[in-house]
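Thank you all for coming; I would like to take a few minutes to walk through one model. Please have the structure open while I talk.

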Amino acid sequence: MACLISLSAASKASRSFVIYSRVRNYPQLEHPRFACLQNQHICSFSSFNFFRKRAVKPTSTCYSQSCHRPEQFHDARLSTTSRALAPASKPPDYRPPRAGLISSLPASWIPYAELARLDKPAGTYYLFFPCLFSTLMAASYTHAPPLAVLETCALFFTGALIMRGAGCTINDLWDRNLDPHVARTRLRPLARQALTPFRALAFTGFQLLAGLGLLLQFPTLCLYYGIPSLILVATYPLAKRITHYPQFVLGLAFSWGAFMGFPALGIDLISDQTAAKGIMALYASCVSWTVLYDMIYAHMDIKDDAKVGIKSIALRHEKETKAVLSGLAVAQTTLLFAAGALLNASPVFLIGTSVSTAATLGIMIWKVRLKHISSCWWWFKYGAWFTGGGISLGLLAEYIFQRGRNDRQVEVPPSAFRELIYGHRTQLFR
């Protein structure tokens, strides 16, 4: 019996020595998938001192349990299903934010702030800009007083902050089983299980109630225009699963603010056909802009989306992306020009908005490197300010021009001056 045990140990040792030698001679075999097998055989030499120094540290994950012979090492692969469901890479330990707005919040609040994307405000700006465009166009159209315009813009920005957070929460609830397998989203609160789906759903209800309370601060007419947008917000995550063009659904939702500026300043689009035509052109322009910038954004996840089955326009038109982006830029610029023409805007609007849009979008499409995640993120993050800021400045210049021209056209009768002057004098001497 002792002889048999000795022979068995010697056979195992010789086999492990062959395996260790092959691993040392072929570095391509030193892969995490085979580390567990290396450990299994090398550790059998723990009684030999010269192998103790060269032992490989144990690995916590074994990806190929079916490999038992050295010649099978190089051919071992994960199955297609396993690769699709496996995380894109081993997620690092989550680190709470140490800088920025949400770093000063209590620890229990941080997951909710991250769920609402308070640490990434670019999406809030993209949601706010169509509201701002519409409000400034309505202000020029109606010659609204500056204070009313400023108050309306402040309410719209607050609403964009709240509703963008609600939309992100709904999106994460839909994608809670997919986000852990995408490199960029694997540390989101629901993906890392910092929040339960029930808490996220309750938080969504809170945000929607806050949005409704803010909507009630506008004229009642805005309720009829604002509430239908919730259907688009809820269905966008579903569109990513059934069509390669979910960016168009996102564009319909994010551009809905284009309908809100005129009702907020007291103009019913149903009764005013001229305003309605101009706003439809503005809405279509904003939809084109949304598809454009979100197509660049989608290139950051293009590899992981293909693995987990998420569809996007970036995947559908990966080889001709810049041609599609150029077409969208032409559409946005043309539709914006048409919106101004339909609303009888001056050359200040037509030059200030259309020229700035064409220039900023052209530079972005030329400069962005779609294969580099950092480049896509930079242009997505700052493109809001380049294009949206340029359009806003053009609309603001149009509003100032229209206000000045309206003031010059108003003629005050002499009797009004006499009444004003003598009225004040009478008041003073009473």
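Predicted model: local features only at pLDDT ≥ 70, side-chain atom pairs only at ≥ 80, totals over all residues.

Let me begin with Arg117, which counts as buried because its relative accessibility is 8%, and the cut-off for being buried is under 20%. Arg117 sits in the loop that runs between helix 5 (110-115) and helix 6 (122-142), and its phi is near 60°, a positive value in a residue other than glycine.

Where else does a residue other than glycine have a positive phi? Gln193 has a phi near 65°, and Gln193 belongs to the loop between helix 7 (146-174) and helix 8 (197-215). Is Gln193 buried or exposed? With a relative accessible area of 69%, Gln193 is exposed, whereas Arg117, as I said, is buried.

Let me now step back to the chain as a whole. The secondary structure comes to 19 helices and zero strands, and of the 430 residues in the protein chain, 43% count as buried. If we take the contacts with a separation of 6 or more, 75% of them are accounted for by residues 24 or more positions apart. The accessible surface of the protein chain comes to about 23,600 Å², and 64% of that belongs to carbon and sulfur atoms.

As a general background to both, nonpolar side chains tend to be buried together in soluble globular proteins.

A polar residue gives us another buried position to look at. Gln247 is found in helix 11, residues 246-254, and Gln247 counts as buried because its relative accessible area is 3%. The side chain of Gln247 makes a polar contact with the side chain of Asp294, at 3.2 Å. Not counting residues up to four places away in sequence, Gln247 touches Val291, Asp294, Met295, Ala298, Ser312 and Ile313.

Finally, let us look at helix 18, residues 373-409, where Phe386 is found. Phe386 counts as partly exposed because its relative accessibility is 38%, and, together with Trp378, Tyr382 and Trp385, Phe386 makes a nonpolar surface patch of about 420 Å². Ser374 also lies in helix 18, and Ser374 is exposed, with a relative accessible area of 54%. Although Ser374 and Met300 are 74 residues apart along the chain, their C-alpha atoms are separated by 8.3 Å.

Methods. Residues numbered from 1 in each chain as written. Heavy atoms only, no water. Patch = residues over 30% accessible without salt bridge, like charges linked within 9 Å, V, L, I, M, F, W, Y side chains within 5 Å. Areas by Shrake-Rupley, 256 points an atom, 1.4 Å probe, with all protein chains shown as cover. Salt bridge = Lys/Arg side-chain N within 4 Å of Asp/Glu carboxyl O. Helix = DSSP H or I, 4+ residues; strand = E, 2+ residues; numbered from the N terminus. Buried < 20%, exposed > 50% of the residue type's maximum accessible area, 1.4 Å probe, protein only. Polar contact = N/O pair within 3.5 Å; in protein donor to acceptor, adjacent residues only side chain to side chain. Contact = heavy atoms within 4.5 Å.
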